[in-house]
Amino acid sequence: MLKFIAILLPLVSIATSALAVDATMKKQLEKLDPSERMEQACDAEAMKRIGTEKTGFKPDKVIAYTFGDPNMAPDSMNAPGAVFRSKGDWYHLSYKCTTDPEHVDVRDLSFQIGDKVPRDAWQKHYLYD
């Protein structure tokens with residue numbers, strides 16, 4: 001888990017354009033196992049899109065597997081049990097993401113924001129401030 005966090009933070013901070021990655025982020029993603037690479041690329045894109053599409057949220061973290069494992073396909077994933085953190089609160093999130101065959105460039109992403117996760121459920125699902 002710490003490995004994912006350590007890798008995701010720099011990836012998120014350098015993501016600059018929707019559905020594309022810059023050279024630095026690509027190098028970081030290429031160091032990961034392909035399934036981890038796809039998950040991290042999709043999480044970063046979901047976070048960026050939520051923050052830029054006038055949702056009112058300012059996400060700083062996305063986790064694809066909090067309320068259920070993502071369904072993985074060769075170049076896509078469906079994460080119906082995801083969450084994201086914004087302004088200190090966690091929210092349910094469902095997203096579908098398609099990447100290129102190398103799992104670096106996100107080709108398509110759709111998402112749906114759900115309800116706030118009650119604070120008393122955070123510990124059970126390993127969520128944190």
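Hi everyone. Let me start with a term: two residues are in contact when heavy atoms of theirs lie within 4.5 Å. Among contacts in this chain between residues at least 6 apart in sequence, 53% join residues at least 24 apart.

A word on where this comes from. This is a predicted model, in which local features need pLDDT of at least 70 and side-chain atom pairs count only at pLDDT 80 or more, while totals for chains, interfaces and linings use all residues. Residues are numbered from 1 along each chain as its sequence is written, and side-chain values use heavy atoms, with hydrogens and water left out.

Now the overview. The chain has 3 helices and 5 strands, where helices (H or I, at least four residues) and strands (E, at least two) are DSSP runs numbered from the N terminus. Along the sequence the pattern reads α-α-α-β-β-β-β-β. Of the 129 residues, 40% are buried; buried means under 20% relative accessible area, exposed means over 50%, and partly exposed is in between, with a 1.4 Å probe and protein chains only.

Let's look at the helices. Two packed helices are described by the angle between their axes and the distance between the axes. Helix H2, residues 23–30, packs against helix H3, residues 34–52, at about 145°, and their axes are 9 Å apart. Those axes are lines fitted to C-alpha atoms over the stretch in contact, and the angles run from 0 to 180 degrees between N-to-C directions. Which residues meet there? From H2 we have Met25, Leu29 and Glu30, and from H3 we have Arg37, Gln40, Ala41 and Ala44.

Staying with H3, 14 of its 19 residues are buried, so the helix is mostly covered. Its end C-alpha atoms are 27 Å apart, which agrees with the 27 Å that 19 residues should span at 1.5 Å a residue; the expected span is 1.5 Å times one less than the number of residues. Just after H3, Lys54 takes a positive phi of about 55°.

On to the strands. Strand E3 covers residues 76–86 and includes Pro80. Is Pro80 buried or partly exposed? Pro80 is partly exposed, because its relative accessible area is 48%. Beyond its neighbours within four places in sequence, Pro80 is in contact with Asn71, Leu93 and Ser94. Pro80 and Thr66 are 14 residues apart in sequence, and their C-alpha atoms are 9.5 Å apart in space.

E3 and E4 run antiparallel, joined by 9 bridges; strands count as a pair if DSSP finds at least two bridges between them. Val83, for example, has His92 in E4 as its bridge partner. The hairpin of E3 and E4 has 2 residues between the strands, and there Lys87 takes a positive phi near 50°.

E4 also pairs with strand E5, residues 106–116, in the antiparallel sense over 8 bridges. Ser94 has Gln112 in E5 as its bridge partner, and Tyr91 stands opposite Lys116 in E5. This hairpin has 6 residues between the strands, with His103 at a positive phi near 65°.

Thr99 counts as buried because its relative accessibility is 1%. A polar contact of 3.0 Å joins the side chains of Thr99 and His103. Such a contact is a pair of N or O atoms within 3.5 Å; within protein, one must be able to donate a hydrogen and the other to accept it, and residues adjacent in sequence count only if both atoms are side-chain atoms. Leaving aside neighbours within four places in sequence, Thr99 is in contact with residues including Met38, Cys42 and Asp75.
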